[in-house]
Amino acid sequence: MEQPLIQISGTVEGVIYKNEENGFAVIDIEYQDELLTAVGEFPDVHQGEEVELTGCFVNHPTFGRQFKASLCTTRLPATTGALLKYLASGAIKGIGPVMARRIVDEFGANTLEVIEREPQRLCAVRGITPKKAEQIGEEYKRIFGIRTVMAFLTQYGLTPAESIRVWKMWGAMAQEIVTQNPYRLCCDFIGISFDRADDIARQLQMPLSAPERIRAALEFVLRHNLQNGHTCLPKSRLLQVATDYIALEEEPVAQVLAAMLEENDLVEYMVRGKSMVFLPDLYRAEGYIATRLQMMTAVMPDSGTKWDKAIAAQEKKLDITYADSQRQAISSAMRQGFVVLTGGPGTGKTTTMAAMISLFEEDGKKVALCAPTGRAAKRMTDLCGSEAKTIHRLLEAGYQKDGTLSFSKGEDDLLDCDVLILDEASMVDVLLLEALLRAMKLTCKLVLVGDYDQLPSVGPGNLLKDIIDSGCFATIRLSHIFRQAAQSAIVTSAHQILTGQLPDLSRRDSDFFFLRAPGKAGGLQLIEDLIARRLPAAYGVSAGDIQILSPGRRGLCGCENLNLQLRERLNPPAPDKPEIKSMGFSFRVGDKVMQTKNNYDILYKKSDGEKGTGIFNGDMGLITHIDRRDGLVQILFDEEKTATYTADMLREIELAYAVTVHKSQGSEFDVVILSLLEPNPKLYYRNLLYTAVTRAKKLLVMVGSPQAVSMMVENNRKTLRYSGLGAFIHDIMD
Ligand SMILES: Nc1ncnc2c1ncn2[C@@H]1O[C@H](COP(=O)(O)OP(=O)(O)OP(=O)(O)O)[C@@H](O)[C@H]1O
């Protein structure tokens, strides 16, 4: 039952934990002559301050009674005792405990007034020079600036974490900037949604037809559509969607759009006779990719036959006969600046890549290997025998002070390689490829390897497809399924699905079988039974090695519910399995989890003591330890890397007993159970089924109805993505 909110006040006796990024803190306060622990978002709180908290008492399973605050206001300390504690806690940079005592001894209850209004008087205290006195005065003003800004933003519903970002971005100017144009809060760094900024604008009495509002709406529609994979939108569609969204007439919106195009705040470009509008960074990314690929292709190919001999020697050395298309791919990569290699499962892409690497190295070239996800990079490393990195790690991604992502490698610090081979290229978005190309020497060759038929990238663009469909670059398609792979029903079924044929659902003798589910509830039970009992008993695999995939998240048999059900079956609560809550959801020791965004700062330690940083979107791990007192969680990734998460970082973690097919892109699993129990035409389509099937290495079990499978095979819907890359390529090459 929801508890009523109450207000309490007390003096801060100690700050036990504080997260500088989001303001979450655990503090001890003196309340009614007792020490009480309070948790909540308390940015900038210090020992000795008076706080007024709004919230409720909760009973924490380990720490007992606590106050959970949803609102906190601070008052500066009034008594000399509290003043001393406040200053001694380091609240004002430059004043430590000894100096604090001297200052309070000198100025007593007037201390803060002196620091604020007459800082020079501080020189009366031993050890304070005029310069230091001035610095202390400035620091005090800064702290007050933050408080004023926070108090202003709190009125408009910004959380302390958001207010801290606003302060970091605009400092003392924040209040003025937000009052003039609250839509500036929608920038990436602060991340307020258009609707919230719109609400603030209403409270500030901004007219609905204000150009700032229209600008923000146009940008919002374009940014929002990046999430659907579009790098641009047709001008007419953008106008119509933005106009409807903010409920205005089209005319003023068209005027603002024209002004934005005029000022290059947005960019217009003709794509196949249609006027498309881009955000400037996306326009720049696609334009740059087209230009660099054209430059690489323009390099005269080396036409010598020496590579034929080298390939023949390689065949002899490895006792293998390459298919003609493989030979052609290897030879093209050796001779040309840019080559694309595509093919379905078992068509020999990896074998071809390995041959390229070996011949490049024999030729004295430095080869770098990379892939978009940690799992794909690991797989590339295992199969090619040379170390592959994630693109982010190769580019040395990190965060700038203001929290934005940046790459150390780039035009000013180029990658030290002569050839770059990028696997799983279908998963790469245009912004990432742009960053990679910028970091490559002009003479560096590029080989893109990927499966044209896989789902496109989660991020914007339709990279591999646009590049291949342009017909302007050396593209080698591998189609022959090698004997070993051809024996696998997983591989043959995947190829059948691609050509619109229903795979044989009656087979019982291979690595792929289909189980008809008796309705959703029965299907759910069947999946639970397969993972908990039947497959481990029949194949000697552990439940942890089995991955459940589902096209969608919702419904009884979607990922969200599957995760909850499977967790209770595979990892039920127990006294020796502590739990911790994050965003209303609890994680438990023993849970299988997945990192849901790239985080380059997370530290990990391997069992051999080696340390590193970075846990990436799609990385899977197991919760091994939870320390509730400190709010720390240890997760073991890839059976070797232990990373420690603070409670607020758990936002980046999800249960992963079941994951969506989209999330599984770039990963492979020994055993996959594919849940097809929630038919939905938007998610049940051919390429998604193909992607799901090709995630399984040794065993695939589909659970659902034959109708669901045939619905997917027949639904050859191609994801429509608006992008400009194809047009840029053609315009540059013509
Ligand atoms: N020229 C060849 N002759 C004989 N066998 C080959 C040849 N090329 C590849 N193979 C074999 O075919 C199988 C599939 O090859 P490979 O792993 O290179 O394909 P792939 O396209 O990378 O497949 P996947 O995407 O499923 O990993 C492997 O067992 C490999 O050893």
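Trainee: Which helix gives the largest share of the shell around the ligand?

Mentor: Helices (H or I, at least four residues) and strands (E, at least two) are DSSP runs, numbered from the N terminus. Here the largest share of the shell, 3 residues, comes from helix α14, residues 349-362. Bear in mind that this is a predicted model, in which local features need pLDDT of at least 70 and side-chain atom pairs count only at pLDDT 80 or more, while totals for chains, interfaces and linings use all residues. Residues are numbered from 1 along each chain as its sequence is written, and side-chain values use heavy atoms, with hydrogens and water left out.

Trainee: Which residues come nearest to the ligand?

Mentor: A residue is near a molecule if one of its heavy atoms lies within 4 Å of it. Of the 16 residues around this ligand, T321, K349, T350, T351 and R379 come nearest. By class, the shell has 5 nonpolar, 9 polar and 2 charged residues, where Ala, Val, Leu, Ile, Met, Phe, Trp, Tyr, Cys and Pro count as nonpolar, Asp, Glu, Lys and Arg as charged, and the others, Gly among them, as polar.

Trainee: What is the strand order in the open sheet?

Mentor: Strands of a sheet pair through backbone hydrogen bonds, either parallel or antiparallel. Two strands count as paired if DSSP finds at least two bridges between them. The open sheet of 3 strands has the order β6-β8-β7, with antiparallel pairing, and its edge strands, β6 (232-234) and β7 (267-271), each pair on one side only. Between β6 and β8 (residues 274-278) there are 3 bridges, and L233 has V277 in β8 as its bridge partner.

Trainee: How does the closed barrel run?

Mentor: The closed barrel has 5 strands in the order β1-β2-β3-β5-β4, with mixed pairing. Within it, 11 bridges join β4 (residues 50-60) to β5 (residues 64-75), which run antiparallel.
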